[in-house]
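Subject: Structure handover

Dear colleague,

Please find below the structure I am passing on to you. My notes follow it.

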Amino acid sequence: MCGIVGYTGKNPALPFLLEGLRTLEYRGYDSAGVELEAPSGSLTEVKCKGRVAALAALCEKLDATQTTGIAHTRWATHGEPSDANAHPHRDCSGRVAVVHNGIIENFQELVAELEERGHHFASETDSEVIAHLIEEALAGPAEGDFALAVSLATSRLEGSWAIACLSAASPGEILCCRKGSPLVLASTPDGAYAASDVTALAHTTSHVVNLGEGQIARLLPTGEVSVFEGDLTPVAEPDTFDIDWDASAATLGGYPDFMAKEIAEQPEAIERLLEGRLGQDGIVLDELRLSPEEVAAIDRIYVVACGTSWHVGLIAKTYFETWARIPTTVECASEFNYEEILTTDHTLCVIITQSGETADTLASARKMQAAGAKVIAITNVLGSSAARESDGVLYVQAGPEIAVASTKAYTAQLVAAALLALFLARANGAISLSEVRSRFREMQRAPELIRIVLSRAWQDEVAAQAFASAHSALFLGRGVSSTTAREGALKLKEISYLHAEAYPAGEMKHGPIALVEPGYPVVVVVPESHVRDKTISNLQEVNARGATTIALATNGDVRVAQLASHLLLVPPAPEWLSPVVDVVHLQLLARYVALARGCDVDKPRNLAKSVTVE
Ligand code: F6R
């Protein structure tokens, strides 16, 4: 949800700002803008509707030697994507410029108040109020003190924000602050940097300052980064961490798109995650920060997540209940936040979030903590809000996921959830050490099984033809495969814009079967499992109505092969592990359908990678 970057230092700012925006474009891409500041304080702004490439083309006309600047790539919340609504936003005098990620919930009251005092607004955004509030504070109580003006201005805001701003009266200085939206900073000999996440900073440094909730930072051209609490009390030891992946991890590296790269990276991601996880007494999850007594006492689990991560939760429930025998409820965070919760004295909340910044998921974690539950985060992003705010964290270590549609984080999160379930199961004595070892050995086979699926990508390319003239598609499966079907349908709709609906296969006859007509594509996920025969009956039912069936089946399943129009073959896998393997075919299928329809698979319309608004 919007990416922001800032730089002040020795070098021209524009190259870093544009490169940073390109890296952060997955966060939003409906408009982009940059504000450069000369040593005299004079500000130069370029902004436009469209992608960072459009902004970069406009910037070519600039003779941009300025060494201070801020920039933004937007995912619209308030005000349509347009030149005027693109960030940065300025105050009335044009001497304050602001970029913002988040939502200012009380902006309408503030706009009314500011207009009454004579301010004029140039956009329909909620963000512009920040520039006008800073303008007023600079002229009034802050008496020209930029940091104080930012502190006073943000004290009027309700909602969430990560902000970087410039003031012509304080040339070379960038003021940043955050509440609820992420912001990282770096101090280097070349200058000081700010960015919404570490991917934009990986080329510049490996050591990052994580701006804390409610804190304010001052960045100077010397590279100095000073951090203050919201009331400007200095923070002696800001929160810092090291970036543990190199910048090349966030580049295409020869692949045609990030989605292709990230699908292909799944075996290595899982290998990394499993390394060193089997110890003498079971699964090693030292990073959880919960005592053995706390772990053994857990008697109820809530799994809360959004989107693809919620699908991980649906499968994790099976692991927690089957292995650890702990009753588990799985909730979409956006719904959960407004529901009653029934915690016990030993309730565990597991949040699953690739980005670690999804606003609804973070709100759920806070709600559970307030109710007395311990929260464990399964996340991919080091130092993310989810990691910092939770009682324990399990990093999935999938490396940066740039394509908006989640692929490698999904499978890595599934494996992480399985590790956690085995860990809990051992801690409460629900399963034996030898069973933990057997399940772990099965898990270790996942990379090899996925490689086999990857080598069969041609099957997905061929099957994609079944969607050539389709307006809609149905995905069916039973048991854990019904969630794989859901995930396949989500991937297809988000990147190909083709409507897709997933249904538990046995439920289909209660309604969705009415959709089926000759040629209608139906994907049936029917690997070897205890419900295979039942799913085959459902496959026959849609066949009987003329559907074009695409069956995901286990090698050598002659019965399914005889019934399906297209086959996506998977190697034999334990049923519990099949979601990790099978989904790879559906990721590939969605990508091929999207490419055939001319879609941008990495940046689907209307979406953003990191959903930091509720
Ligand atoms: C779909 C997708 C989204 C995310 C969802 C939650 O491919 O990526 O549905 O899964 O926005 O994001 P995280 O996992 O970052 O909380």
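In which loop does Glu 143 lie? Glu 143 is in the loop between α4 and α5 (146-154), helices here being DSSP runs of H or I with at least four residues and strands runs of E with at least two, numbered from the N terminus. Although not a glycine, Glu 143 has a positive phi of about 45°.

On the source: this is a predicted model, in which local features need pLDDT of at least 70 and side-chain atom pairs count only at pLDDT 80 or more, while totals for chains, interfaces and linings use all residues. Residues are numbered from 1 along each chain as its sequence is written, and side-chain values use heavy atoms, with hydrogens and water left out.

Another backbone point is the cis peptide bond between His 87 and Pro 88, with omega about 0°. Pro 88 sits in the loop between β4 (68-74) and β5 (89-90).

Next, the ligand. There are 14 residues around the ligand, of which Ser 309, Thr 353, Ser 355, Thr 358 and Glu 494 come nearest; a residue counts if one of its heavy atoms lies within 4 Å. Polar contacts (pairs of N or O atoms within 3.5 Å) to ligand oxygen atoms include a polar side-chain atom of Thr 353 at 2.7 Å, a side-chain N or O atom of Lys 491 at 2.9 Å and a backbone N or O atom of Thr 308 at 3.1 Å. The ligand taken alone exposes 400 Å², and the protein buries 90% of that (Shrake-Rupley areas, 1.4 Å probe). Helices α9 (307-323) and α17 (480-496) are the elements that give two or more residues to the shell; α9 gives the largest share, three residues.

As for charges, the structure holds 29 salt bridges, each a side-chain nitrogen of Lys or Arg within 4 Å of a carboxyl oxygen of Asp or Glu. One of them joins Arg 117 and Glu 136, whose closest N and O atoms are 2.7 Å apart. This pair links distant parts of the chain, 19 residues apart: Arg 117 is in the loop between α3 and α4 (128-139), and Glu 136 is in helix α4.

Finally, Glu 105, Glu 109, Glu 158 and Glu 614 form a surface patch of negative charge (residues with over 30% relative accessible area and no salt bridge, like charges joined within 9 Å). Of these, Glu 109 belongs to helix α3 (residues 107-116).

Regards

How values were computed: Patch = residues over 30% accessible without salt bridge, like charges linked within 9 Å, V, L, I, M, F, W, Y side chains within 5 Å. Lys, Arg positive; Asp, Glu negative; His and termini not counted. Charge placed at Lys NZ, Arg CZ, Asp CG, Glu CD. Polar contact = N/O pair within 3.5 Å; in protein donor to acceptor, adjacent residues only side chain to side chain.
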